[in-house]
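Open the model in your viewer and keep the selection panel handy.

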Amino acid sequence: MSGPPIAPDDAPSLVLGIETSCDETSAAVVERRGDAFTLRSLVILSQDVHRLFGGVVPEIASRAHLTRVVPVTRRALDDAGVAAGELDAVAVTHAPGLVGALLVGMSYGKALAFAAGRPVIGVHHMEGHLFATVLEHPDAVPPFTGLLVSGGHTLLLDVDAWGSYRLLGATRDDAAGEAFDKVAKLMGLPYPGGRVIEQLAREGDPTRHRFARPMVRANQTLGDDDYFDVSFSGLKTGLLHAVRRAEAAGTLDEERPHLARGFQDALIDTLVEKTYRAARAFGRTRVVLGGGVACNRALVEAVRARVAPRGATVYAPTPRLATDNAAMIAAAGAWRFAHGERSGWDLNAYAAREIPGLTRTTTRDTPDSHGNTLPPN
Ligand SMILES: Nc1ncnc2c1ncn2[C@@H]1O[C@H](COP(=O)(O)OP(=O)(O)OP(=O)(O)O)[C@@H](O)[C@H]1O
Ligand SMILES: [Mg+2]
């Protein structure tokens, strides 16, 4: 990163965001004034074709982005009533994701920025997910406990300021969204599975199938290395055995809602407990959820029920901003722009990369022992 001196924090800026990391082609214009982010336009075009294959096919995704990125971006600029020359910067997702898909949005964003004489800023997709909520809830600003639950990631973060992310825990195997999708497949449900499972689970009996809560033990303490981590592969196997038993008994159709409920309850309980621990350990009174699994109302309500009585507020984006979208990329880009960041024209795309500003901590470094505001149970 190089470029002009740091702009004053409160200088207003208009930023175009472009997102093509997976199977959504999206563009958005966001205006930033100080800590306030205003969504001026957002266009999202989802590639439904992948449903036929039960998952995203990278080559098809790249080709679809190629034909859509230009009209989607033009539409976002038109909807905002903004010409490219009026933008302050162009923010593009450049990692992580499908490299071929990322390259399409990134190359177009660079070309557009270059032609308009504006800087381009490469944005990390997961940092984008963290910024989604503030577009709808102006109070969803640091310091907060962040839980990012998406198709490819499960990250528990302590965010003391934008750009400063302390990684507390992550999944040791499947991401939360991936677990929903795989379990849906095991039960013969369509892809993506999260929303379908949530709907089915509403009719399910919570006492019928009780699966173990992974990595949640009563005697866990702050020094344990799995205190904040999650793992969903054992839960998935438990579900698989239950599905097989139901198939053998010829009762899968009637068991599906109960299985969905048992699975969802176990996954949610785990995420809720870990999030609660993180908020308590750092004395945070705000919890911000992000990523596609944050569409799940049962998850949001369960986190709220756990932390609200202890004085913390939970913020979650609406589904349009929880799943992949360019508004969150524009918001993160606008913040980085205001802090002097500019990417070079040699900006590249990466399948995997750490969020900039991410630090790791051992659980022993948490301030739990001195001055938390959330009392223990
Ligand atoms: N209501 C819901 N309940 C649970 N999961 C859901 C719900 N709605 C969507 N999901 C899940 O969200 C995931 C998609 O989220 P998102 O678009 O943020 O992921 P991604 O962009 O593919 O992954 P990443 O952001 O890690 O690259 C899917 O796995 C989907 O099943
Ligand atoms: Mg995503």
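Which residues does L289 touch, leaving out those up to four places away in sequence? Select L289 and look around it: the contacts are T133, L147, A294, V300, V303, V314, Y315, A316 and P317. Bear in mind that this is a predicted model.

**Stop two: the largest nonpolar core.** L289 is among the residues with the most contacts inside this core.

Now colour by element. Those giving two or more residues to this core are strands β6 (144-149) and β9 (286-290), plus helices α4 (176-186), α5 (194-202), α6 (233-249), α7 (252-282) and α8 (297-307). Select α7: it gives the most, with 14 residues.

**Stop three: a second core.** This one is separate and has 40 residues. Pick out F144, Y315, L321 and I329, which it includes. Y315 is also one of the contacts of L289.

**Stop four: the metal.** Select the magnesium ion (ligand 2). Its coordinating atoms are NE2 of H125, NE2 of H129 and OD of D324, at 2.0 to 2.2 Å. Along the sequence, these donors follow the spacing H-x3-H-x194-D. Distant parts of the chain are linked here: H125 lies in helix α3 (residues 125-131), while D324 sits in the loop between α9 (319-322) and α10 (326-338), 199 residues apart.

Are H125 and D324 buried or exposed? H125 has a relative accessible area of 7%, so it counts as buried. D324, at 13%, is buried as well. The cut-off for buried is under 20%.

Key. Residues numbered from 1 in each chain as written. Chains lettered and ligands numbered in written order. Predicted model: local features only at pLDDT ≥ 70, side-chain atom pairs only at ≥ 80, totals over all residues. Heavy atoms only, no water. Core = buried A, V, L, I, M, F, W, Y, C linked by side-chain atoms within 4.5 Å. Buried < 20%, exposed > 50% of the residue type's maximum accessible area, 1.4 Å probe, protein only. Helix = DSSP H or I, 4+ residues; strand = E, 2+ residues; numbered from the N terminus. Contact = heavy atoms within 4.5 Å. Donors = N, O, S within 2.8 Å, 3.2 Å for Na, K, Ca; no water.
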